[in-house]
2 protein chains.
Amino acid sequence: MPGIIKQRLFTPGPTPLLMEAQARTLTAANVHHRTEAFRKILAETLELLKYYFNTKNDVLVFASSGTGAMEGSVSNLVSPGERILVGTAGKFGERWLSLAQAYGIEAVKVESPYGHPVDIEAMKQKLAQEGPFRAVYIQATETSTAVMNDVQALGEAVKNYPETCLVVDAITGLGTTDLRPDEWGLDIVIGGSQKAVMIPPGLAFVSVSEKAWGLIAKAKLPRFYFDFAKERKNQAKGETAYTPATTLVISLHAALEYIKEMGRENLIANAALLASLAREAAKALGLKLFAASSPANAVTAVCAAEGMDSGAIIKELRSRFGAIVANGQGSMKGQIFRLAHLGYYDVADLFAIVAALEIALVKLGQKVELGKGVRAVEEAYLRLVS
Amino acid sequence: MPGIIKQRLFTPGPTPLLMEAQARTLTAANVHHRTEAFRKILAETLELLKYYFNTKNDVLVFASSGTGAMEGSVSNLVSPGERILVGTAGKFGERWLSLAQAYGIEAVKVESPYGHPVDIEAMKQKLAQEGPFRAVYIQATETSTAVMNDVQALGEAVKNYPETCLVVDAITGLGTTDLRPDEWGLDIVIGGSQKAVMIPPGLAFVSVSEKAWGLIAKAKLPRFYFDFAKERKNQAKGETAYTPATTLVISLHAALEYIKEMGRENLIANAALLASLAREAAKALGLKLFAASSPANAVTAVCAAEGMDSGAIIKELRSRFGAIVANGQGSMKGQIFRLAHLGYYDVADLFAIVAALEIALVKLGQKVELGKGVRAVEEAYLRLVS
């Protein structure tokens, strides 16, 4: 330990925590979940989640990672022998395919190369020509490649199929992009606690439209823990079917109050601003963005310079500045690093990480004009913020 | 609330907290101070304080601000009719004079203009020609002007007077400058909790040499709460004469363990590095340092540009970036702003505040080459850190 080096999360989950929300759990150390006090907290939290999701649909909470809710969105909607359509553009899109396989469901896929968004026109074509599909699956933001998908366009298309639901993994999309589930026809939207809502991992959220509830009633795949209809009944009474993660719910309640006070749109604008400043920094430093188009607000994937291992940059950032930045996943490992703009994270944090990145690059032998990335961030800030 | 803006302390106290030390108090919610468990904590804390102070002398803890220990260093050492010598170079030096006045003690002063260190040669001369003085008072770091005094040279001089004690206010000096109480003859050294030790306000520390204990035994000014000899007796048994601030002691224990693990010299090097990087930033941005010489490691005082109110800079930093920076005190208000390098604070924090400062200056109509201050910090970092 050569001096003070703070640990700073710049990862797309877990994200920097809102300490006020963490502190709230301390005053509720002995909450029991089968009490009026907790029922009130859970009921309020579910209402706040509707605000956060920007929906009038039911929103349910599960003690699980986001993947649990993804699984539930397959097992609750589909029956054996039915088919699904998957738009995939990275590691998280591929998870839909794994889920389909695990449940023995045939998945037709529209696959984009890493760094590109899902081709929505191709999905529409499949819908029209290769259906019927019980459900369509996509990511709002593909976290592994830092690309945003046009879920609005897909939603407008799926609306025309009364027997088909659209499921959107918005685990990193929520709180970072404008999503309008009701208007756009996003039947199931999935979120997670360790993302823009700035609390620790352990909770998944899922909003369910009336159209989806209709299909869920008929779906025959096996499910138990992630049984949406069972939870709907319980959560309407401020309870959960199984033991809820009480302290996480209490944190969530506090964090959502903070977000409501700030305004959902301001939280989204915060991520959009940070992402746009980060892209300016990368450009100024001569680093290529991995996203060929539609870069995400939640996270920016930056390519390491030719012949350089992105892991080396990540190591320098970690050891010198305590900054935890994510590597690429799967085949992207070593090629890119991913700088998230999620959680309790502000412009001053971005100033710091960009300056740290400049040092890391110099230490790795890159030719970098010191301060150039930060200057680009500052210029963009002055342009974008009054 | 336009988005996420974190509150960040860059003030010379309170300082950013070590959250691990704060968390420790939660596991000790029901500690009673007259128990073996607390006696053990206090005894260990006092041992750790010796390490922190770099001394073999007794170190005592008081539930008070640093000023309480300053008062005690007058009331415990001096008798009515005796005289003291005060070296003053700013607001905190002037506090010695107020204390002397409150106790009806004649103080001879060596006064430096704000921005200059105390003239140690002049103090030596007074000692030789205008004595006897029961005690000599000075700041290790004058926080109001961000200037460091040469307490080593003063200590070597006072050593020659067996009936005179040297009292050093090291409230911001501890943990930021190399201090050697035993070697240099710093008989009483004063510290405070809300400074480099990175816990909240509420505790004062004071180290007392054998020479000082000898004089304390004869001193006749009235004292009760800040009775050093009484506390020495109590604290030797792991108790305090009056109720101790238990949670602060528990935090202190944890913070000192962190500092011991890091190494006192590394904590000091951290402040020295940050201060030296901050000075480079100021220089690059064309801003004058307030310290004409001997700038402190604990805090850097920067002059606002001609005709500009430093309060305007502080307001921009606070509203845009949540960064709390101190204004000048007294007649220096509006002339300078003070950027501290104290507490749980690292290089990445400095990157952030310098970039924020560039934005603030531009917003106030200054001609600033964006990124230039940060570049200067990065260049100095690369020069100074391997």
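Helices here are DSSP runs of H or I with at least four residues, strands are runs of E with at least two, and both are numbered from the N terminus. This is a predicted model, in which local features need pLDDT of at least 70 and side-chain atom pairs count only at pLDDT 80 or more, while totals for chains, interfaces and linings use all residues. Residues are numbered from 1 along each chain as its sequence is written, and chains are lettered from A and ligands numbered from 1 in the order in which they are written.

View 1. Start with B:Pro14, which sits in the loop between strand 1 (8-9) and helix 1 (19-24) of chain B. The bond reaching it from B:Gly13 is cis, with omega near -5°. Over in chain A, A:Gly13 and A:Pro14 are likewise joined by a cis peptide bond, with omega about 0°. A:Pro14 belongs to the loop between strand 1 (8-9) and helix 1 (19-26) of chain A.

**View 2. A positive phi at A:Met198.** Have a look at the loop between strand 9 (188-192) and strand 10 (203-208) of chain A, where A:Met198 is found. Its phi is near 60°, a positive value in a residue other than glycine. As background to these two views, most residues other than glycine have a negative phi, and most peptide bonds are trans.

**View 3. Chain A against chain B.** Here 39 residues of chain A are in contact with 39 residues of chain B, contact meaning that C-beta atoms, placed from the backbone, lie within 7 Å. On the chain A side, helix 10 (246-262), helix 11 (264-284), helix 13 (347-363) and helix 14 (372-384) each give two or more residues. Helix 13 of chain A gives the most, with 10 residues. This side of chain A has 25 nonpolar, 4 polar and 10 charged residues; Ala, Val, Leu, Ile, Met, Phe, Trp, Tyr, Cys and Pro count as nonpolar, Asp, Glu, Lys and Arg as charged, and the others, Gly among them, as polar.

**View 4. How the two copies are related.**

**View 5. Helix 14 of chain A meets helix 13 of chain B.** The axes of helix 14 of chain A and helix 13 (residues 347-363) of chain B come within 11 Å and cross at roughly 40°; axes are lines fitted to C-alpha atoms, for helices over the stretch in contact, and angles run from 0 to 180 degrees between N-to-C directions. That makes helix 14 of chain A oblique to helix 13 of chain B, as angles under 35 degrees count as roughly parallel, over 145 as roughly antiparallel, 65 to 115 as roughly perpendicular and the rest as oblique. From helix 14 of chain A, A:Val374, A:Glu378, A:Tyr381 and A:Leu382 meet B:Ala355, B:Glu358, B:Ile359 and B:Val362 in helix 13 of chain B. This contact has 6 nonpolar, no polar and 2 charged residues.

Note on methods
Contact = placed C-beta atoms within 7 Å.
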